Amino acid sequence: SNQTFELNVFIDFSLLGRHIGEEWGLSVLLKNLSVADFTTIINLLLIERSIMVVGKDSLDVSASIFALTSLLKPYEWAGTVIPILPEMMIDFLGSPVPYIVGISGATSRNILEDYRVGEALQDGLSVIHLNDGYIFQTPEEGISDIVLYTCPTLRGKLTHLKSRLCELSRDHMFSGLSSFDHFMSNGMRPSEAIVLRTVRSAVRDYACQLAGDLHEKRGAFKKYGQMNKDTNEFEFYPEWFVAPRRSEWLLQEKLVHTQLFVSYVSKIRSDYEAEFSPREIAAKKKIARWLYREWMRKKDVKRMKCYRSRSVKF
């Protein structure tokens, strides 16, 4: 007799989204955007500017949005997140609340020509175009100076990591990042997972650095606010946090124009040139070759002793 069984399966989409976002979505962003554009987007999100991700593939678009929200750690995005924005909801781009939205398929083709997108760009929206590999940054006054010329250390790290990731993903036979089907079926190679984990760690370190001692010391928040006696709630005063750092920046700006600092830079340069001069490099290579020969000689001696001891036993 035919019997019908009902099987209830619970799928935790939050875990699936996190997995896709932190792995596949991050790889999509890194492979399609330049390091400069990638760090610009991170900075725009940190100052709560809206982002629209545009692409032909809805999966790549939505996964990239998962990645962007996960990259903000230790902060949490307080605005709206819509992985795929329906065409009938394009008016949402005029929302005063910061958002991260995705546009894919037919809607994405001429989206930048839509007057509503143009108005949103003027109000702080920036657009990531995944397929063409560029961003259209908001022309909002004062934003470029904030987001374009910051985090040189992070950019240096990400340049190396992006190069490594692209090198690994070119191996279409074994790379887990060659296609989404391959990624879901086989996962990534350990080397690819390490690169993406290092990228996330580098971005997190950069974001934590911006929080100063609030991140480094427990209870540091007490210096930057006080309890409101009426509401019995703690009130944070941003100016208390910024003022000492502004003074430190002004001091640094004065310092770099002094003879004291110029002489310091000159000494660093001289030490560098002395360490990496042709003569020094040749000497280091000579020592390295000698050490390698000695290591191989001792290895051969050890192998011969082992061989002789076995021969005696037989």
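## Stop 1: glutamate 192

Select glutamate 192 and show what surrounds it: apart from neighbours within four places in sequence, glutamate 192 is in contact with Leu165, Leu168, Ser169, Ser175, Gly176 and Leu177. The model is a predicted one. Glutamate 192 has its place in helix 8, which covers residues 190-210. Is this residue, glutamate 192, buried or exposed? Glutamate 192 counts as buried because its relative accessibility is 0%, against a limit of under 20%.

A salt bridge joins arginine 189 to glutamate 192, and their closest N and O atoms are 3.9 Å apart. Arginine 189 counts as partly exposed, at 23% relative accessibility, whereas glutamate 192 counts as buried.

## Stop 2

Side chains of opposite charge can pair when their charged atoms come close. How many salt bridges does the count come to? The count comes to 12 salt bridges.

Select lysine 223 and aspartate 213. These two form a salt bridge in which the closest N and O atoms are 2.6 Å apart. Lysine 223 lies in the loop between helix 9 (213-216) and strand 6 (225-228), while aspartate 213 lies in helix 9, so the pair ties together parts that are 10 residues apart in sequence. At 49% relative accessibility lysine 223 counts as partly exposed; aspartate 213, at 12%, counts as buried.

Move on to glutamate 239 and arginine 246. Their side chains meet in a salt bridge of 2.9 Å, N to O. Glutamate 239 is partly exposed, with a relative accessible area of 43%, and arginine 246 is partly exposed too, with 41%.

Then select Asp91, Asp114 and Arg116, which are linked in a network of salt bridges.

## Stop 3: a charge over a ring

Select arginine 245 together with phenylalanine 241. What sits over the ring of phenylalanine 241? It is the charged end of arginine 245, at 3.9 Å from the centre of the ring.

## Stop 4: a nonpolar patch

Show the surface and colour Leu214, Phe221, Met227, Phe234 and Phe236. These residues form a nonpolar patch on the surface, and together they have about 450 Å² of accessible area. Phenylalanine 236 is partly exposed, with a relative accessible area of 43%.

## Stop 5: aromatic pairs

The structure holds nine aromatic pairs. One of them is formed by tyrosine 292 and tryptophan 295: this pair is tilted, with 6.1 Å centre to centre and 40° between the planes. Why are tyrosine 292 and tryptophan 295 separated by about one helical turn? The two are three residues apart in helix 12 (residues 278-313), which means a separation of about one helical turn. Tyrosine 292 is exposed, with a relative accessible area of 51%. Tryptophan 295 is partly exposed, with a relative accessible area of 49%. The two labels differ because exposed means over 50%.

For a group of rings, select Trp24, Phe180 and Phe183, which form one aromatic cluster.

## Stop 6: asparagine 43

Select asparagine 43, whose place is in helix 2 (residues 35-46). Asparagine 43 is buried, with a relative accessible area of 5%. Which residues is asparagine 43 in contact with, leaving aside its neighbours within four places in sequence? They are Val147, Thr150, Cys151 and Tyr206.

## Stop 7: glycine 102

Finish on glycine 102, found in strand 3 (residues 99-104). Glycine 102 is buried, with a relative accessible area of 0%. If residues up to four places away in sequence are not counted, glycine 102 touches Val53, Val61, Ile65, Ile82, Pro83, Ile84 and Leu85.

Last, draw a line from glycine 102 to lysine 286, C-alpha to C-alpha. The line spans 57 Å in space, and the two residues are 184 residues apart in sequence.

Notes:
Residues numbered from 1 in each chain as written. Predicted model: local features only at pLDDT ≥ 70, side-chain atom pairs only at ≥ 80, totals over all residues. Heavy atoms only, no water. Helix = DSSP H or I, 4+ residues; strand = E, 2+ residues; numbered from the N terminus. Buried < 20%, exposed > 50% of the residue type's maximum accessible area, 1.4 Å probe, protein only. Contact = heavy atoms within 4.5 Å. Phe/Tyr/Trp six-rings, centres within 6.5 Å; stacked < 30°, edge-to-face > 60°. Lys NZ or Arg CZ within 6 Å of the ring centre and 35° of its normal. Patch = residues over 30% accessible without salt bridge, like charges linked within 9 Å, V, L, I, M, F, W, Y side chains within 5 Å. Areas by Shrake-Rupley, 256 points an atom, 1.4 Å probe, with all protein chains shown as cover. Salt bridge = Lys/Arg side-chain N within 4 Å of Asp/Glu carboxyl O.
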